[in-house]
Amino acid sequence: MRSVPTIRLKEDSELALDVLGETGEMIFPRGTRLTKAQLGKLKDEKVASVYITDEYCFTAANPKYIADSGHMMNKIATLKKMIAITAVGLATNEALIGTIELVNEIVQYYYTNRNELDIVYEDAKIEGNATEEKIVYIAMISTLFALKLGLNPRATAAVCLAALLKDVSLVTPNIKWISGENNKHHPKKSYEYLKEKYNLPEDVLGIILAHEELYDGSGYPNRLKGETIPKGARIISIIESYYNIKQQLKEHCLTLEADFVKKTLSLDPHYLEIFRENTNVYEPDTLVELTSGDIAVVTEESSVNIFQPNVRIVKSVNYPKDSEICLAKMFNVNIQKIVFYVE
């Protein structure tokens, strides 16, 4: 299966997974072949992307970390509301306790399934909630990664909660900024605001305060270095870098690896190595146009380089159809861009 933005969907596309609304309600079940009217309904419901399957999809439609789970969509909706009310100072302590309980449920779900789940980027599902969705997805990916690194559920819950709340000062209108302060002060602003107003646990606050610190000491606000940076902050930094580079994927494939390396030079190298072992940059079934002009599909076979996956030719220009190519071993062929259909 592969993710396709709603604006790029074509009639008769078959849904690989249920399409759910913002609060987890069913819009269309998997297996639906989309008509023109249904494409219109997806746009009316502000669905941003869906998963489809066709003759060029060769992997099973396995549930990913969020995409195939109605109960997760409900949790996402709740967390987005919590972020919004916390930002304007309206969250009650009771609401925060409820959020912590929800975070613990999420952690337990990933803890139980941590060995079966890969770290997978998710495209936005609902239009108009880009900021909140990004925050929630980064928190959830950070949660899974923390568990894969061996953090216990309690420490992992602190990572998840910190990732949800770390940038609250950037969107909270009633936080006072004094003259001369800039965005580099936002970790401290968030820390002080959340400590005073909600009395969060100190390990959560510590991650929030340090989430912009970098392993080489070039971060802020305290220029911490290496192991002095809380584990949770080091985890979140890697996931944010991954998320940002994936958002550029459709436009900057040729420079993707160089961009990622540049962004990650200042991150924890040990954590980064484990991260690269547990994720894909190009998920299986992704359709790509190669610099040779051929259209190929990414296969499940692992590659020595996550930026240069193994692919199967599905539309021939220079290579025979159905031939398999290990791009990591090619010097003159690379991925040029993502495509969604074989024309």
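This is a predicted model: local features need pLDDT of at least 70, side-chain atom pairs count only at pLDDT 80 or more; totals for chains, interfaces and linings use all residues.

Visitor: What makes S1 and S5 a pair?

Guide: Pairing requires at least two bridges between two strands. S1 and S5 have four bridges, so they count as a pair. Within this pairing, arginine 2 stands opposite isoleucine 52 in S5.

Visitor: Why are S1 and S2 said to stand at the edges of the sheet?

Guide: The sheet is open and has three strands in the order S1-S5-S2, with antiparallel pairing. Strand S1 (2-5) and strand S2 (14-15) each have a single partner strand, so one side of each is left without a neighbour in the sheet.

Visitor: How do you know that the count of disulfides is zero?

Guide: A disulfide is a covalent bond between the sulfur atoms of two cysteines. The cut-off for the two sulfur atoms is within 2.5 Å. The sulfur of cysteine 57 is 18 Å from the closest cysteine sulfur, in cysteine 253, and is therefore too far for a bond. For cysteine 326 the closest cysteine sulfur is also in cysteine 253, at 17 Å, which is again too far for a bond. By this rule the count is zero disulfides.

Visitor: Which residues of helix H8 are buried, and against what do they pack?

Guide: In H8 (residues 202-210), the buried residues are Val204, Leu205, Ile207, Ile208 and Ala210. They pack against helix H5 (153-165), helix H7 (186-198) and helix H9 (231-247).

Visitor: Which residues have the most contacts inside the largest nonpolar core?

Guide: This core has 93 residues, and Phe145, Leu164 and Tyr282 have the most contacts inside it. Its largest share, 11 residues, comes from helix H4 (residues 130-148). Beyond its neighbours within four places in sequence, phenylalanine 145 is in contact with residues including Ile119, Ile235 and Phe275. A second, separate core has six residues, among them Tyr56 and Val339.

Definitions and conventions:
Residues are numbered from 1 along each chain as its sequence is written. Side-chain values use heavy atoms; hydrogens and water are left out. Buried means under 20% relative accessible area, exposed over 50%, partly exposed in between (1.4 Å probe, protein chains only). Helices (H or I, at least four residues) and strands (E, at least two) are DSSP runs, numbered from the N terminus. Contact means heavy atoms within 4.5 Å. A nonpolar core is a set of buried Ala, Val, Leu, Ile, Met, Phe, Trp, Tyr and Cys residues joined through side-chain atoms within 4.5 Å.
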